[in-house]
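Please walk me through this structure.

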Amino acid sequence: MKQEIHPNYQKVVFLDTSTGFKFLSGSTKGSNETIEWEDGNTYPLLKVEISADSHPFYTGKQKLNDVGGRVDKFKKKYNMQ
């Protein structure tokens, strides 16, 4: 195997932003944000919109996440409501 061509594989914490569910897994994706996990170690934090905790296929029910569209996000960002 060639050296220096493979991405760095590390443990990261994924945070489902719609439910607040967190889980520790491995990934090559990095992040500037970190979080202290239950084992006392600090890991990079990756925020995701959907995980097994919020996806209808895994939960068996439809959850309505009212986050608004592009226009609503723009207005909220610039206080134009």
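Predicted model: local features only at pLDDT ≥ 70, side-chain atom pairs only at ≥ 80, totals over all residues.

Me: Is strand β1 mostly covered or mostly open, and how many of its residues are buried?
Reply: Strand β1 covers residues 10–16. Buried means under 20% relative accessible area. The strand is mostly covered, and of its seven residues the number buried is five.

Me: In which sense do β1 and β2 pair, and over how many bridges?
Reply: Strand β2 runs over residues 22–27. The pairing of β1 and β2 is antiparallel, and the number of bridges is six.

Me: Which residue in the turn between β1 and β2 has a positive phi?
Reply: β1 and β2 form a hairpin. Five residues lie between the two strands. The positive phi there is about 85 degrees, and the residue is Gly20.

Me: In which sense do β1 and β4 pair?
Reply: Strand β4 spans residues 42–48. Val13 stands opposite Leu45 in β4. Phe14 has Leu46 as its bridge partner in β4. Four bridges link β1 and β4, and the sense is parallel.

Me: Which backbone nitrogen lies 2.9 Å from a polar side-chain atom of Ser27?
Reply: Leaving aside neighbours within four places in sequence, Ser27 is in contact with Asn8, Tyr9, Gln10, Val12, Phe14 and Leu46. The 2.9 Å distance is from a polar atom of the Ser27 side chain. The backbone nitrogen at that distance belongs to Lys29.

Me: Why is Tyr78 classed as it is by accessibility?
Reply: Tyr78 is found in the segment after α2, which covers 70–77. Buried is under 20% and exposed is over 50%. Tyr78 has 46% relative accessibility, so the class is partly exposed.

Me: How much accessible area do Phe74, Tyr78 and Met80 have together?
Reply: These three residues, Phe74, Tyr78 and Met80, form a patch on the surface. The patch is nonpolar. Together their accessible area is about 330 Å².

Terms used: Residues numbered from 1 in each chain as written. Heavy atoms only, no water. Patch = residues over 30% accessible without salt bridge, like charges linked within 9 Å, V, L, I, M, F, W, Y side chains within 5 Å. Areas by Shrake-Rupley, 256 points an atom, 1.4 Å probe, with all protein chains shown as cover. Salt bridge = Lys/Arg side-chain N within 4 Å of Asp/Glu carboxyl O. Buried < 20%, exposed > 50% of the residue type's maximum accessible area, 1.4 Å probe, protein only. Pairing = 2+ DSSP bridges. Polar contact = N/O pair within 3.5 Å; in protein donor to acceptor, adjacent residues only side chain to side chain. Contact = heavy atoms within 4.5 Å.
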